[in-house]
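I am opening the notebook on this model and will write down what I looked up, entry by entry.

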Amino acid sequence: MTCYVENETEKVFSFSVEETVKKVAETVLDSEQCPYEAVVNVLLTDNEGIREFNRQYRKIDRETDVLSFPNLAYGEPADFSRAEEAEADCFDPDSGELVLGDIVLSVEKVEEQAGCYGHSELREFAFLIAHSMLHLCGYDHMEAPEAAVMEEKQEKVLGVLGITRNR
């Protein structure tokens with residue numbers, strides 16, 4: 001698993017961002033039985049930066065906590081079989097890793113939401129990475145049953161890692 005993390009802010013967390021991204025991403029991919037080594041790109045930005053991404057790519061002119069840009073088109077969530085059909089577009093030619101996509105995360109939202117929910121920035125950050133990784137695996141939450149599936153999967157991943165609301 002390769003995780004490229006770029007922080008365009010001055011925010012420094014009390015935990016290793018790179019380690020956390022990698023552990024959460026690997027745990028999600030293990031739980032979804034991804035058959036490939038994978039690569040994910042993560043950009044940490046501020047509220048204005050994520051607002052611009054949201055405006056440009058989703059035509060929604062407001063800030064949000066996290067955005068996911070999957071590289072694969074899934075028939076069903078976590079059905080990685082289409083990756084080989086589009087091999088030239090889905091695999092890094094140098095490493096052979098499956099390029100899952102990009103995550104853009106607002107560090108200001110991590111701080112704000114951790115305070116609002118009464119848990120640590122680590123827990124909020126890990127939750128948002130897990131949430132976004134599930135999007136990169138083809139999950140969505142537009143309908144209530146889909147949202148319930150994602151919520152259960154997110155909590156399971158965080159539980160496996162021992163990242164609780166108290167931590």
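This is a predicted model: local features need pLDDT of at least 70, side-chain atom pairs count only at pLDDT 80 or more; totals for chains, interfaces and linings use all residues.

**Entry 1, a loop residue.** I looked up Thr64, which lies in the loop between helix H2 (47-58) and strand S3 (66-70). Its relative accessible area is 18%, and therefore Thr64 is buried, since the limit is 20%. Leaving aside residues up to four places away in sequence, I find that Thr64 touches Ile50, Asn54, Ser106 and Lys109.

I checked the length of helix H1 (residues 17-31), whose 15 residues should span 21 Å at 1.5 Å a residue, and the end C-alpha atoms are 21 Å apart, which agrees. Next I asked which residues of H1 are buried. I found Val17, Thr20, Val21, Val24, Ala25, Thr27, Val28 and Leu29. As background to such a list, I recall that an α-helix has 3.6 residues a turn, so residues three or four places apart point the same way. The cover over the buried residues of H1 includes strand S1 (2-7), strand S2 (38-45) and strand S4 (98-106), together with helix H6 (121-136) and helix H7 (144-161).

In the loop between S1 and H1 I looked at Ser16, which counts as partly exposed because its relative accessibility is 30%. The C-alpha atoms of Ser16 and Leu122 are separated by 9.2 Å, although these residues are 106 residues apart along the chain. Just after H1, I noted that Gln33 has a positive phi of about 55°.

S1 and S2 run parallel and are joined by six bridges, and Cys3 stands opposite Val40 in S2. I followed the chain from S1 through H1 to S2 and noted that this β-α-β crossover is left-handed. S2 also pairs with S4, again in the parallel sense, over eight bridges, and here Asn41 stands opposite Asp102 in S4.

How many aromatic pairs does a search of the whole structure find? It finds seven, and I looked at two of them in detail. Tyr36 and Phe91 form an edge-to-face pair, with 5.1 Å centre to centre and 75° between the planes. This pair links distant parts of the chain, since Tyr36 is in the loop between H1 and S2 while Phe91 is in the loop between helix H4 (87-90) and S4, 55 residues apart. Both Tyr36 and Phe91 are buried. Tyr74 and Phe80 also form an edge-to-face pair, at 5.9 Å centre to centre and 80° between the planes. Tyr74 counts as buried because its relative accessibility is 16%, and Phe80 is buried with a relative accessible area of 4%.

**Entry 6, a cluster and a charge.** I noted one aromatic cluster formed by Phe13, Phe15 and Phe125. Lys11 lies over the face of Phe13, at 4.8 Å from the ring centre.

Definitions and conventions
Residues are numbered from 1 along each chain as its sequence is written. Side-chain values use heavy atoms; hydrogens and water are left out. Helices (H or I, at least four residues) and strands (E, at least two) are DSSP runs, numbered from the N terminus. The expected span of a helix is 1.5 Å times one less than its number of residues. Buried means under 20% relative accessible area, exposed over 50%, partly exposed in between (1.4 Å probe, protein chains only). Contact means heavy atoms within 4.5 Å. Rings of Phe, Tyr and Trp (its six-membered ring) pair if their centres lie within 6.5 Å; planes under 30 degrees apart count as stacked, over 60 as edge-to-face and the rest as tilted. A charge sits over a ring if NZ of Lys or CZ of Arg is within 6 Å of the ring centre and within 35 degrees of the ring normal. Two strands pair if DSSP finds at least two bridges between them. A crossover is right-handed if, with the strands pointing away from the viewer, the path from the first strand over the helix to the second runs clockwise.
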